[in-house]
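Hi,

Here is the structure for your files. My notes on it follow below.

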Amino acid sequence: FSAIGEDREVDRDEFTPGVEPQPTWCPGCGDFGVLKALKGAMAELGKDPEEILLATGIGCSGKLNSYFDSYGFHTIHGRSLPVARAAKLANHDLEVVAAGGDGDGYGIGGNHFMHTARENHDMTYIVFNNEVFGLTKGQTSPTSPKGHKSKTQPHGSAKDPIRPLSLSLTSGASYVARTAAVNPNQAQEILVEAIEHDGFAHVDFLTQCPTWNKDAKQYVPYVDVQESEDYDFDVTDRREAQEMMTETEESLYEGTVLTGRYYKDEDRPSYQTEKQSRGDMPDQPVAEQYFDEDKEWE
Ligand code: SF4
């Protein structure tokens, strides 16, 4: 690795582990698209693997940090966000990315999702949204459409799916976007923006599961709401963002896949910035203080 922070050109292959485990994701799985976009985004930003902490939950998505070379923490189900928050608080120089599936993030870890968004911790949260629990053989998840049949809901789900973009906005996320594995260029651009954003950046990443969600869309054709002339809204306006999110979340289950940037608030300070401006968080990361011979511990 180069010295951290040194400007240099970074190749995406630098994020491929030296002892390369072959991904065990099924052929055609959308998770490959997340891996590719994340490697591309980190390379585009000139990041070193040792600057990054990737915390993942449980599920097919949780294998991400086996195939992405950086510091990694494969946590328990739904708990990638508290681990990511702790790491960021201990060392706020780290580029922190948390990742998990829709079951992991919107179901088991739903409470952490709301509160990490509310507190606006500076990190990127990628949710692999394939509308099922893939690793455990396709059970109904919080984003499965009403009527979706699985072994846990053999007569079809009677539940309305969660609205992850709206939940994120109302909880307090300061950057909210949706992209899809079938749209790799947009996915990389959105991840670059999310990683650069100072605050909680939530990316709902549509990832097709051809093994357990055969009936579901492959998320094509997709529409980029920033590219389409049919949509015109201000991503810095909360009310307009909410209306666009509602249309996006409803249309997904009617066969139209809308993606793009939905909300961006650059005025609201991240938790770290807020704390530092009050003088109750040291500029020096806690982790570094342990190696500071001159530090006087109280
Ligand atoms: Fe991907 Fe679905 Fe296979 Fe899991 S079960 S690796 S989500 S295709």
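The secondary structure of the protein chain comes to 10 helices and 10 strands. Helices (H or I, at least four residues) and strands (E, at least two) are DSSP runs, numbered from the N terminus. The radius of gyration is 19 Å, close to the 19 Å that the globule rule gives for 298 residues, so the chain is as compact as a globular protein of that length. That radius is taken over C-alpha atoms, and the globule rule is 2.2 Å times the number of residues to the power 0.38.

Before the details, the ground rules. This is a predicted model, in which local features need pLDDT of at least 70 and side-chain atom pairs count only at pLDDT 80 or more, while totals for chains, interfaces and linings use all residues. Residues are numbered from 1 along each chain as its sequence is written, and side-chain values use heavy atoms, with hydrogens and water left out.

**Overall dimensions and burial**

Along the principal axes, the C-alpha atoms fill a box of roughly 65 × 45 × 35 Å. Buried residues make up 52% of the 298 residues. Buried means under 20% relative accessible area, exposed means over 50%, and partly exposed is in between (1.4 Å probe, protein chains only).

**Salt bridges**

The count comes to 12 salt bridges. The rule: a side-chain nitrogen of Lys or Arg within 4 Å of a carboxyl oxygen of Asp or Glu.

Take D122 and K88. Their side chains meet in a salt bridge at 3.7 Å, N to O. The pair links distant parts of the chain: D122 sits in the loop between α5 and β4, K88 in helix α3 (residues 80-90), and they are 34 residues apart. D122 is buried, with a relative accessible area of 16%. K88 is buried too, at 4%.

Next, E119 and R118. Their side chains meet at 3.2 Å, N to O. E119 is partly exposed at 22% relative accessible area. R118 counts as partly exposed at 44%.

Then R261 and E193. Here the closest N and O atoms are 2.9 Å apart. R261 lies in strand β10 (residues 257-264) and E193 in helix α7 (residues 184-196), so the pair ties together parts that are 68 residues apart in sequence. R261 counts as buried at 14% relative accessibility, while E193 counts as partly exposed at 23%.

There is also a network: salt bridges that share partners join R85, R118 and E119.

**Backbone points to check**

Which residues are joined by a cis peptide bond? They are V220 and P221, with omega about -10°. P221 is found in the loop between β8 (200-206) and β9 (222-224).

N120 has a phi of about 55°. N120 is found in the loop between α5 (110-119) and β4 (123-129). At 0% relative accessibility, N120 counts as buried. E131 has a phi of about 70°. E131 lies in the loop between β4 and β5 (132-133). At 1% relative accessibility, E131 counts as buried.

**Pairs across the chain**

N120 comes up again with E274. The two are 154 residues apart along the chain, yet their C-alpha atoms are separated by 9.7 Å. E274 is found in helix α9 (residues 271-278). E274 is partly exposed, with a relative accessible area of 29%.

T211 and D234 make another pair. They are 23 residues apart in sequence and 38 Å apart in space, C-alpha to C-alpha. T211 is in the loop between β8 and β9, and is partly exposed at 27% relative accessible area.

**A negative patch**

D234 also belongs to a surface patch. D232, D234, E240 and E243 form this negative patch. Patches are made of residues with over 30% relative accessible area and no salt bridge, with like charges joined within 9 Å and nonpolar side chains (Val, Leu, Ile, Met, Phe, Trp, Tyr) within 5 Å. Lys and Arg count as positive and Asp and Glu as negative; His and the chain ends are not counted. E240 is found in helix α8 (residues 238-252). At 32% relative accessibility, E240 counts as partly exposed.

Best regards

Terms used
Accessible areas come from the Shrake-Rupley method with a 1.4 Å probe; for residues, only the protein chains shown count as cover. The place of a charge is taken as NZ of Lys, CZ of Arg, CG of Asp or CD of Glu.
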